[in-house]
Amino acid sequence: ANKGIGFEIVKRLCKEFDGFVYLTARNAANGQKAVERLEALGLHPRFYQLDITSQESVEKVREYLLQTYGGLDVLVNNAGMLCERESNPTPFYEQAYATIETNFVGTLRVTRALFPLIRPHGRLVNVTSEMGESAVLGEPLRCRFTHPGLTEETLVALMNEYLKDVKDGCYADKGWPVSLSAFRTSKVGVTALTKVYAREAVRLGKDDVLVNACCPGWCQTDMFSQIK
C-alpha cells in the first residue's frame, strides 16, 4: 500500500476510520516513505512490513495483530502486480506464475490467516478488477468459477489448472483469457475467492461480517500506466 490505489485507501481510512490504520508493504523503506507522506498531510498511519508471498511474513502479521489488539475490524486485500508486457523478456509461464502467486495466492494466504481475527460487524474487502469478470472465460470455465458450491480447495485447483495449461501452451484453447491472461485470471480467482469467504462467514456464524470485492475501475497508477 505504499503507492497507487493502496496508498489512497490508507489515506481515506486514516480520515474516516476511528481506530488504528496500518499501511503494509514488502519493502520497508518504501513503506516508511509512504507513511511519511501521509504524516505530512496530518494523518497518522502505522507501518508493518508484509510480504504476501511469504507464509512466514503473513504469520508474523497475524501474531502481531492478535497479541497487540486481539483482532482487527477491517481487512483490505489490495496488493497486486501486472507483469505481462511486450517488453518483458521473461517466459510467459514465469510471468503467469508470479502473477497468480501474488494476486491470488497472496490474497488467499492473507485471508486464511486474518479472516478468523475479524471482529463482529467487521469488513473484508478484496480489490479485484473489471478486467477479471467471469465473462473473460470460456463458458465451461465460467460455469466452474461461478458455481454456488465452489470451495476454496476447488478454486485453488482451478488456478493450478490454469498454470498447467499455460505451461502446456494450450490455455487459449481451454478457454482462458488471451489478452493480459494471467492478470485477468488472477482477478477472476480473487472475485471467486471473495464469494467463497462470504459463504464461509455464514457457515462460521460470522454473517455480521461483510465480505465483498470492489473493482476500482481504470486508475492512472504505475501498474497500468505502462499498458498501451
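Two aromatic rings count as a pair here if their centres lie within 6.5 Å. Keep that in mind for this structure, which is a predicted model. By that rule there are 10 aromatic pairs.

One of them is Y64 with Y69: the ring centres are 6.4 Å apart and the planes stand at 85°, so this pair is edge-to-face. Y64 is partly exposed, at 26% relative accessibility, and Y69 is partly exposed too, at 22%. Both belong to a cluster linked by ring pairs, made up of F20, Y22, Y48, Y64 and Y69.

Another pair is F145 with W176. Their ring centres are 5.9 Å apart with planes at 85°, so they are edge-to-face. This pair links distant parts of the chain, with F145 in helix α5 and W176 in the loop between α6 and α7, 31 residues apart. Are these two buried or exposed? F145 has 4% relative accessibility and counts as buried; W176, at 3%, is also buried.

Rings also meet charges. The charged end of R37 sits over the ring of F7, 4.1 Å from its centre. K167 has its charged end over the ring of Y93, 5.3 Å from the centre.

Next, salt bridges. Side chains of opposite charge can pair when their charged atoms come close.

R12 and E16 form a salt bridge with an N to O distance of 2.4 Å. Both lie in helix α1, 4 residues apart, which is about one turn of the helix. An α-helix has 3.6 residues a turn, so residues three or four places apart point the same way. R12 is exposed at 53%, and E16 is exposed at 55%.

D73 and R119 make a salt bridge at 3.1 Å, N to O. D73 is in strand β3 and R119 in strand β4, so the bridge ties together parts 46 residues apart in sequence. D73 is partly exposed at 30%, as is R119 at 27%.

E152 and R112 form a salt bridge too, with the closest N and O atoms 2.5 Å apart. E152 lies in helix α6 and R112 in helix α4, so the bridge ties together parts 40 residues apart in sequence. E152 counts as buried at 19% relative accessibility, because the cut-off for buried is under 20%. R112 is partly exposed at 47%.

Last, helix α4 itself. It has 23 residues and reaches 32 Å from first C-alpha to last, close to the 33 Å expected. Where does α4 bend? At V105, by about 35°.

Methods:
Residues are numbered from 1 along each chain as its sequence is written. This is a predicted model: local features need pLDDT of at least 70, side-chain atom pairs count only at pLDDT 80 or more; totals for chains, interfaces and linings use all residues. Side-chain values use heavy atoms; hydrogens and water are left out. Rings of Phe, Tyr and Trp (its six-membered ring) pair if their centres lie within 6.5 Å; planes under 30 degrees apart count as stacked, over 60 as edge-to-face and the rest as tilted. Buried means under 20% relative accessible area, exposed over 50%, partly exposed in between (1.4 Å probe, protein chains only). Helices (H or I, at least four residues) and strands (E, at least two) are DSSP runs, numbered from the N terminus. A charge sits over a ring if NZ of Lys or CZ of Arg is within 6 Å of the ring centre and within 35 degrees of the ring normal. The expected span of a helix is 1.5 Å times one less than its number of residues. The bend at a residue is the angle between axes fitted to the seven residues ending there and the seven starting there. A salt bridge is a side-chain nitrogen of Lys or Arg within 4 Å of a carboxyl oxygen of Asp or Glu.
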